[in-house]
Structures are given as C-alpha cells and as structure tokens.
Amino acid sequence: MTFPSPSFDAIVVGTGPGGASVARELARAGSRVLMLEQGGAVPLAGTVTQMAAMAAVPGRGAFIHRDASLLVGGATLGGSSAVNFATAAAPPAAYFAAYGIDLAPSLAELRAELPLAPLPDALVGPMATRIMTAARAVGIDWQKLDKMIRPSLCRRGCWRCTYGCPFGAKWSARDFVEQAIGHGAALAAGSRVARVLLDRGRASGVEVLQGGRLQTIHAPLVILSGGGIGSPRILHASSLAPRHAPFFSDPVVAVMGSVADIDGGAEVPMAAGWHDPQAGIALADLTLPRPMYQAFAAQVGRIDRLFAHQRTLSVMVKIRDDIGGRIGPRWADKRLSDGDRARFRTGERMARAILQEAGAHHVFKSWHFAAHPGGSVRIGAGVDAHLQTRTPGLYVCDASVIPQPWGLPPSLTLLCLGKRLGQHLARQG
C-alpha cells in the first residue's frame, strides 16, 4: 500500500477497543488519523480456520508458556474483540480513581450507544440455563452478564461468537474503525510497526513494515494500542522501555462434566456467571464449539470424552492473577504464583459443586489458558493519568496500561480509556 500521505496528525497503532476508540474520537474532531493494524481486515466468516489464522499463530496471536499454558489474542482488525465472547464488565472505578481518573462520563456515553445488556431469555442456551439453575441451588448468586450483542441479529443455536460473528450480531472494535474511516481516518492493514521515531526527544512518527517494505510515516501524536504484549515490545524496540516487562493474563480453566438429558453445544458462551472481586475469582458458563472442546479434552488425555461435546456442561473458572513473568522481544512467559493456584483451587471446587448439582458425571478440567494480557505499561509506572509515556507525544491505550489485575474482560474499560484519551487529545488541539 502507498500511504495517502507521508504525514498525519495522529498515528494509532492497533485497532482493538482502545485504539479504535481513540481513532474515532480524533477523527470526529477533524484530525488526520492513520490507523495501522498488523493483522488482516477481511470480513469475519465465522469459521474455525479463519479464527485460527487470527488468534492461533505462534508468536503473534498465541504464546505457549513453559508450564504448557496457552495465551491467545486476536491479530486482526478489531483485535481480540473480533474473537472474544462479547462480555462487558464495567471498569473498576476504584482502580482508576487512585490516579485521578474518572471513567464514569465515558462509560455513560458508551452505554447510550452500544448494544450493552444481558441476553434475553430466548438467547440463553439450555446448557447456560442448566448451569445457572444449579449454581443458584448451591447458593451462588449467579446472574446474567452484560453482553455486547445485538439480540435482533443474534441466532439461537449458534456457536460463532468465538470464531468471529459473520452476522453483525456481536459488537467488535471493527464498528468503531468503520466510523473513524467515515470521519476521514485512513486504515492500513497488514502493517507491523517496527519502532517509534523521535525528534529532539519527542515522538515524531513510526517505522512500519508493510509488504516487505519498511516505510517512515510522520505524526506529532503516536498512540500505541498494540495490546498488552505488542505495546511493550514496540517501546523496547524503540529504546523507550526495558527489555522485559511483567504482566498479568487473567488465567482460565474450564471444568466440564456430561449429562444425559441435554443435546446441545451451540450457544452464546458466558451468558451468566458470578464474580467475587475480593477473592479474585469469576465463574461463568462456557459452552465452546466442538473443535475447541475436543482440543481441551485431548490436551488432558480425556480421549473418552472426545465425542461427548453435545452433552457436556462447561464452567469457566477465571482468576485475578498476580503480576509477574516477562514479555520479551519475541516471547512471553508467565507461570502461576502460589496465590494464583490457591484461587484456582477455590474456583474449581465451586465449579465441581455446580456440576454435581446439575447431575454431571465424568467431570474433568482443562489446563489453564489466558486471553487478557495486560498491566505491562501500567498507569502510574509506564504512563501518566493521561496515558502519556515519558516521551512527549507518545501515548499507550490498551490493556497494558491497566494499573492492576482484576480478572474480568477488559473491552469496555478499554473503550472508556480510548474515548477519554481521544477527547483529551482533541481538546489539546
């Protein structure tokens, strides 16, 4: 691609929720914005092969730790929002208030425009309903979760949330990218930023690799939104951060068990659940597509359960993990701490109690995996309250700036941070 101009008012690196939100606000204000996305921008097809190409490419969307756990993310237009479960958790206000950040105004504006509500009963599948009934029977305050889904377009008996919804039912950051383009922003997919350029100590643009060619693009504002792994890597490559960065990853295990009286396996995951912020544990139903379920079963040697997908209830156990490990230039590695393992044991006991109440047998659990790396360029350490790094003109707006782990889906928080940052930069002129 030949860029429409060698210079812009702002360059946004990454099109996940944080980057797309910043870009939209700046474009609305009349800034000349260039959005750079490392992944592709083809329409979502809702297939396992496309999802694997976006989220399972080693070293780009998938990282295997030394303890054999898996960390995944979306390297595509819209980032991980294209392949997540569309669950919206409100920002933890106290985490940000400690730095003088109030996300309430941004949250109110987003609630007024986004499809943001629990699913209607008709779209809650039989497996999620069975799990909810069992959880409440054992005394767990199990409630429907807010979903970023348009019910009128959502299809009962569909499993494609996880693959990338091709029906327009699931909101993703692609929606904001399209709106930014409508306001004059430019998009360059398949563009990997190599480093940030500086001029007299100030950000002045980026070097970007596209189609095997290294190009230079200038802008007085650069916003890194490459994710909890991508942004610290770019900062290191630019000699603006240490070689290694600790992080959190929101680890998850799936606890599964089969019942005889349900024939399902295709429904919206995480329709309902429970969260204890003090304990750092969250539970939810987690009905996955058959290939993903079979991969989990095979991974732990449960070959006897490979063909029980349509009868298997699955409960997600997600924990708030301690910050640790290291993100390096070409790898990421993080092991569970003793505290993490204790939280998992508590959550797994609760999940097994739910499955027992639901009448499930042949109960087993997956190895842990993770999908929300963050905290690697934290507010108060790597960036200030306006998300600016120590380099003037250089900002970070993605999960890497979250000041501490909380073990919940970050998309809505990142949208709030992006809206707040975009409006702040627009006011600066």
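Modeller: A residue is called buried when its relative accessible area is under 20% and exposed when over 50%, with partly exposed in between (1.4 Å probe, protein chains only). The model is predicted: local features need pLDDT of at least 70 and side-chain atom pairs pLDDT 80 or more, whereas totals for chains, interfaces and linings use all residues. Residues are numbered from 1 along each chain as its sequence is written, and side-chain values rest on heavy atoms, without hydrogens and water.

Colleague: Of the 429 residues of the protein chain, what percentage count as buried?

Modeller: The buried share is 57% of the 429 residues. The protein chain exposes about 16800 Å² (Shrake-Rupley method, 1.4 Å probe), and carbon and sulfur atoms supply 54% of that area.

Colleague: Why does the radius of gyration of the protein chain agree with a compact globule?

Modeller: The radius is taken over C-alpha atoms, and the globule rule is 2.2 Å times the number of residues to the power 0.38. For 429 residues a compact globule would come near 22 Å, and the protein chain has 21 Å, so the two agree. Along the principal axes, the C-alpha atoms fill a box of roughly 65 × 45 × 40 Å.

Colleague: How many helices and strands does the protein chain have?

Modeller: There are 10 helices and 20 strands, read as DSSP runs numbered from the N terminus (helices H or I, at least four residues; strands E, at least two). Among contacts (heavy atoms within 4.5 Å) with a separation of 6 or more, 75% come from residues 24 or more positions apart.

Colleague: Which residues of helix 6 are buried?

Modeller: In an α-helix there are 3.6 residues a turn, so residues three or four places apart point the same way. In helix 6 (residues 174-182), the buried residues are R174, D175, F176, V177 and A180. Their cover includes helix 1 (17-28), strand 2 (33-37), helix 4 (104-113), strand 6 (186-189) and helix 10 (411-428). After helix 6 comes G184, with a positive phi near 105 degrees.

Colleague: How many aromatic pairs does the count come to?

Modeller: Rings of Phe, Tyr and Trp (its six-membered ring) pair if their centres lie within 6.5 Å; planes under 30 degrees apart are stacked, over 60 edge-to-face, and the rest tilted. The count comes to three aromatic pairs. One of them joins Y95 and W406 edge-to-face, at 6.1 Å centre to centre with 80 degrees between the planes. Y95 lies in helix 3 (residues 93-97) and W406 in the loop between strand 20 (394-396) and helix 10, 311 residues apart. Both Y95 and W406 are buried.

Colleague: Why is the pair of W171 and F176 edge-to-face?

Modeller: The planes of W171 and F176 stand at 85 degrees with ring centres 5.2 Å apart, so the pair is edge-to-face. W171 and F176 are both buried.
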